[in-house]
Each structure stands twice: as C-alpha cells, then as structure tokens.
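Please walk me through this structure, one part at a time.

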Amino acid sequence: MSNLSEEERQKILNSSPVGTWALMLIVSGGMVFAWLLMYYGVFLPRGHIG
Amino acid sequence: MHIDQLEKKWAGIALGIAGLFVSVILASSFFHGIHAPSNVETIDSAKLHLSAEFAEDKLGVERNADGSVTVRMVAGRYGFYPKNLTLPAETELTFRWVSLDVIHGVHIPMTNMSTMIVPGYVAQVKTILHHAGDYPLLCNEYCGMGHAHMWSNIKVVSKAQWEALNTQGGANHG
C-alpha cells in the first residue's frame, strides 16, 4: 500500500518525468555517439566499399 | 486517435535519431560517392574454366590503364584461388569473385571488404586498403564440412613495393 496522500500522488502524476528524461537522454546520447564513432572512426577509415 | 503528449515526444526523439543516421548515410552517398555494392552480372558457374575472365590463367591481379587494380578470384570448396595474393595499399581495387560450386562469403578482417558469392553471379566490390600487412581471407557463409578451413592470404604492401614486386614478376603467382 502506498503511503502517499492524494495530493502527493497527483503532484507526481502531473509533474514532468525527470528521471525518465534523464535516462532517455543518456541512452539516446550514448547510442548516437557510439553510432557516429563506429561510422566515422571505424567504417570510413577502413576504406568504404562500393 | 488520441496519442499522449509524452508518447509523441518519445516517438519524436526516436524518429529524430533514425533521421540523423539516415541523413549521415545520405550525405555520404550524395557528397562522397559512398554506395553499397550493387553489381548484377551473371556467369555460368559450371564453365568458369572455359570463360574468358575466370579461366585459371586469368585469375589474380591485373593492373588497369588508369592505375587501379582488378583482382579476380574463384571461390570453391574449400579455398579461394589464387591462394596467395599481394596487393598495393592506397590503390583502388576492384575485387571480382565467382563461385564454382555453392554459396560462399568472403570477408577480410579489419577491413570493410565483405560480400556473398552466389553461384551464377559475379560479386564485384570496389575498395581501397589503407594499411599494409597480412590479411586472412575468410569464408563467412557456411558452405560445407570444410567451411571452417576455407581461407586464403592477402598481403598488402606499399604501392612502390608492389610495383617493384610486379616488375620482378613474382608477386601474384598464387
């Protein structure tokens, strides 16, 4: 059972999900960085194929 | 259909990332001429030994008039022929592969050189190898009981060294 009051519960529900945004920023930023690193740091220097 | 505001934001971020990746690939394609291999050319795999291009004495390295190099190789269970090649670094290389039996794959580790070799077709890939050294040439498409032992060697040397080797006539006799 939650010990939150109705007022606290509404406050949480109506506030911005800061933790989720932080997680999203870290994951997506990491993914973009890793992708660019692989593309410009590994794939292109090895000599592209065509 | 109702879509929650938060869901829209998440979808926007995901699509934005995908859009960024596609933009980088498109920019490479339009402004730097980087395209995926797309050669479609057929050949009779049962008559390679009689063909003008892939008969045994035609295999190996050929220097073109424009300074580029064409490499012709045959893949068959269980090896790539010629077994040993010496290639120049920093030179445009056109690899042309055919299979004399089943589907094979070819991969040169630490390079982007990788393609499937399908019987009945000529697999053509253009690339430039930047770093000198010894590279194995591996089959990466399961082709039978001896697949794990299907490999050959490529030695990449500087262009000047390669020219000297070819002048002596000992570079690419497999």
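Does S45(B) count as buried, partly exposed or exposed? S45(B) counts as partly exposed, because 19 C-beta neighbours lie inside 10 Å. The cut-offs are these: a residue is buried if 20 or more other C-beta atoms lie within 10 Å of its own, exposed if 12 or fewer, and partly exposed in between, with C-beta atoms placed from the backbone.

This is a predicted model, in which local features need pLDDT of at least 70 and side-chain atom pairs count only at pLDDT 80 or more, while totals for chains, interfaces and linings use all residues. Residues are numbered from 1 along each chain as its sequence is written, and chains are lettered from A and ligands numbered from 1 in the order in which they are written.

Stay with S45(B) for a moment. The loop between α1 and β1 (60-63) of chain B holds S45(B). Helices (H or I, at least four residues) and strands (E, at least two) are DSSP runs, numbered from the N terminus. Setting aside neighbours within four places in sequence, S45(B) is in contact with V98(B), S99(B), L100(B), P119(B) and G120(B). Contact here means that the C-beta atoms of two residues, placed from the backbone, lie within 7 Å. T70(B) is 25 residues from S45(B) in sequence and 20 Å away in space, C-alpha to C-alpha.

Now take the whole of chain B. Chain B has 2 helices and 10 strands. Along the sequence they follow the pattern α-β-β-β-β-β-β-β-β-β-β-α. The C-alpha trace of chain B spans about 70 × 40 × 30 Å along its principal axes. The radius of gyration of chain B is 20 Å, whereas a compact globule of 174 residues would have one near 16 Å. That radius is taken over C-alpha atoms, and the globule rule is 2.2 Å times the number of residues to the power 0.38. Of the 174 residues in chain B, 21% are buried. Among contacts in chain B with a separation of 6 or more, 62% join residues 24 or more positions apart.

Next comes the core. In soluble globular proteins, nonpolar side chains tend to be buried together. A nonpolar core is a set of buried Ala, Val, Leu, Ile, Met, Phe, Trp, Tyr and Cys residues joined through C-beta atoms within 7 Å. The largest one has 28 residues, and V74(B), A75(B), L87(B), W97(B) and V106(B) touch the most other members. At least two residues of this core come from each of β2 (69-76), β4 (84-88), β5 (92-99), β8, β9 (133-138) and β10 (151-157) of chain B. β5(B) gives the most, with 4 residues. Not counting residues up to four places away in sequence, V74(B) touches L48(B), F54(B), L59(B), Y81(B), V98(B) and L100(B).

Some backbone details deserve a look. Most residues other than glycine have a negative phi, and most peptide bonds are trans. R77(B) and Y78(B) are joined by a cis peptide bond, with omega about 0°. Y78(B) is in the loop between β2 and β3 (79-81) of chain B. A cis peptide bond also joins Y81(B) and P82(B), with omega about 5°. P82(B) lies in the loop between β3 and β4 of chain B. E90(B) has a positive phi, near 55°. The loop between β4 and β5 of chain B holds E90(B). E90(B) counts as partly exposed, because 13 C-beta neighbours lie inside 10 Å. M110(B) has a positive phi near 65°. M110(B) sits in the loop between β6 (104-107) and β7 (114-117) of chain B. M110(B) is exposed, because 12 other C-beta atoms lie within 10 Å.

Finally, turn to the contact between the chains. Chain B gives 17 residues to it and chain A gives 12 residues. On the side of chain B that touches chain A, α1 (5-32) and β8 (123-128) of chain B each supply at least two residues. α1(B) has the largest share, 5 residues. By class, this side of chain B has 11 nonpolar, 5 polar and 1 charged residues. Ala, Val, Leu, Ile, Met, Phe, Trp, Tyr, Cys and Pro count as nonpolar, Asp, Glu, Lys and Arg as charged, and the others, Gly among them, as polar.

How do the helices meet, and at what angle do α2(A) and α1(B) pack? Helix α2 (residues 18-43) of chain A and α1(B) pack at about 10°, with their axes 11 Å apart. That makes α2(A) roughly parallel to α1(B).

Note on methods: Axes are lines fitted to C-alpha atoms, for helices over the stretch in contact, and angles run from 0 to 180 degrees between N-to-C directions. Angles under 35 degrees count as roughly parallel, over 145 as roughly antiparallel, 65 to 115 as roughly perpendicular and the rest as oblique.
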